[in-house]
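Visitor: I am new to protein structures, and I would like to learn how the terms are applied. Could you show me one and take my questions?

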Amino acid sequence: MMFNRSKLALALTMVCGASISMAIPNRTAIAASAPGPYQHVLILSVDGLRSADILDPALKPYLTNINSLRSVGVTYPNAFTTSPSDSFPGTLSYLTGAGPATTGVYYDDTYARNLTVPIAEGGNINSPFGTEATYFELLDYSIPADPSHPDPNNVIWRLDGGGYISGEPTKGFVQGDYGKGSIDKTRLPQNCSSGICKPVYPWQYLNPDINTIFNVAHNAGLYTAFSDKHAGAYNIAQGRGGDSINDYYSPEINASVILDQNGKLKDAVSFNAGKPVIAPNAHVVTDNTTYTKTYDDLKVKAILNEINGRNSLGTKNAPVPNVFAIDLSGNENFIWLKPSSGEGFRGSCFI
């Protein structure tokens, strides 16, 4: 894919346990208050890719596209991500410029002394304060892992985050939307401090004094988009108000999936007469590199749709985002792929 550099600035962010490296195709420093020459910025995040990898001669043949971007940009070798850097802290570091002590978010699975257990676990106004705050796949609607013996504590997930409320078929099925519509509020920790229990959505778990880059862009009237690894949980990137991302698309990385006859990823859960049926050859996306590569393909396709003036699903026309970001997970599973001629990185890398 050849980007039109007159229309699209690429901010390449390589996120790992220790560093962030950025390349921006414009060597001229621009004052923050002055209008810039670029109207579109794409942030590319690659799990586990380190600055040292970019500079390693042995890996150079595998990183031609990344190095091509660096050659027309500016590299900041002394920029560092947070500690800890995994999951929410690493993502929020480049979306907010703040560390965990400021954002209030140290991981996607923490203990919250001021919150109460979710409704799905029996939480109510009489429940004591203090609960595990789980902001990962557990927030999505879910499907019983054994449909013949439903157990809300033994569930699987779909790519779009859709499923049953609390994982229980008797409570109704909700179609997922790869985003906020996939959040099962019965799985959210609750804030009962006012005498009325209210679910705490991901963007509300973030320090309310913190803006994300999407807040800033959206408040300025710009169009935004974001793609990460959990349908519901990564809406933490929305920041204050929970509505700063115009096009949010995050297929669930812990979904149960199969490959179709064309090698494309699809849900392992189908329905027969309204009842879930799970394919016998189902895998979780992260089981092996084949599934992780095809999972990343979904998000790369979404970004290409957006670059070409469509929404992430490619179903309708949409503005090209002024600020958009994508996180790719394949490298975390030790994927290093040589680019095919004329196509750039395939699978888990960049097209």
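**Salt bridges, burial and strands**

Guide: Welcome! Searching the whole structure turns up three salt bridges. This is a predicted model, in which local features need pLDDT of at least 70 and side-chain atom pairs count only at pLDDT 80 or more, while totals for chains, interfaces and linings use all residues. Residues are numbered from 1 along each chain as its sequence is written, and side-chain values use heavy atoms, with hydrogens and water left out.

Visitor: Why is the meeting of Glu168 and Lys171 called a salt bridge?

Guide: The term asks for a side-chain nitrogen of Lys or Arg within 4 Å of a carboxyl oxygen of Asp or Glu. For Glu168 and Lys171 the N to O distance is 3.6 Å, so the pair qualifies.

Visitor: How do you know whether Lys171 is buried, partly exposed or exposed?

Guide: We use relative accessible area: buried is under 20%, exposed is over 50%, and partly exposed lies in between (1.4 Å probe, protein chains only). Lys171 has 41%, so it counts as partly exposed. Glu168, at 23%, is partly exposed too.

Visitor: What makes Arg158 and Asp267 buried?

Guide: Arg158 has 10% relative accessibility, so it counts as buried. Asp267 has 19% and is therefore buried as well.

Visitor: Which residues does Arg158 pair with in salt bridges?

Guide: One partner is Asp160, with the closest N and O atoms 3.7 Å apart. Another is Asp267, at 4.0 Å from N to O. Arg158 sits in the loop between strands S7 (155-156) and S8 (163-164), and Asp267 in strand S15 (residues 265-267), so this pair ties together parts 109 residues apart in sequence. Strands here are DSSP runs of E with at least two residues, and helices are runs of H or I with at least four, numbered from the N terminus.

Visitor: Why is strand S19 described as mostly covered?

Guide: Six of its six residues are buried. On one side are Val323, Ala325 and Asp327, and on the other Phe324, Ile326 and Leu328. In a regular strand, side chains alternate between the two faces of the sheet.

Visitor: What makes strand S3 (residues 41-46) a partner of S19?

Guide: Two strands pair if DSSP finds at least two bridges between them. S3 and S19 have six, in the parallel sense, so they pair. Val41 stands opposite Val323 in S19. Strand S12 (residues 224-227) also pairs with S19 in the parallel sense, over four bridges, and Ser227 stands opposite Ile326.
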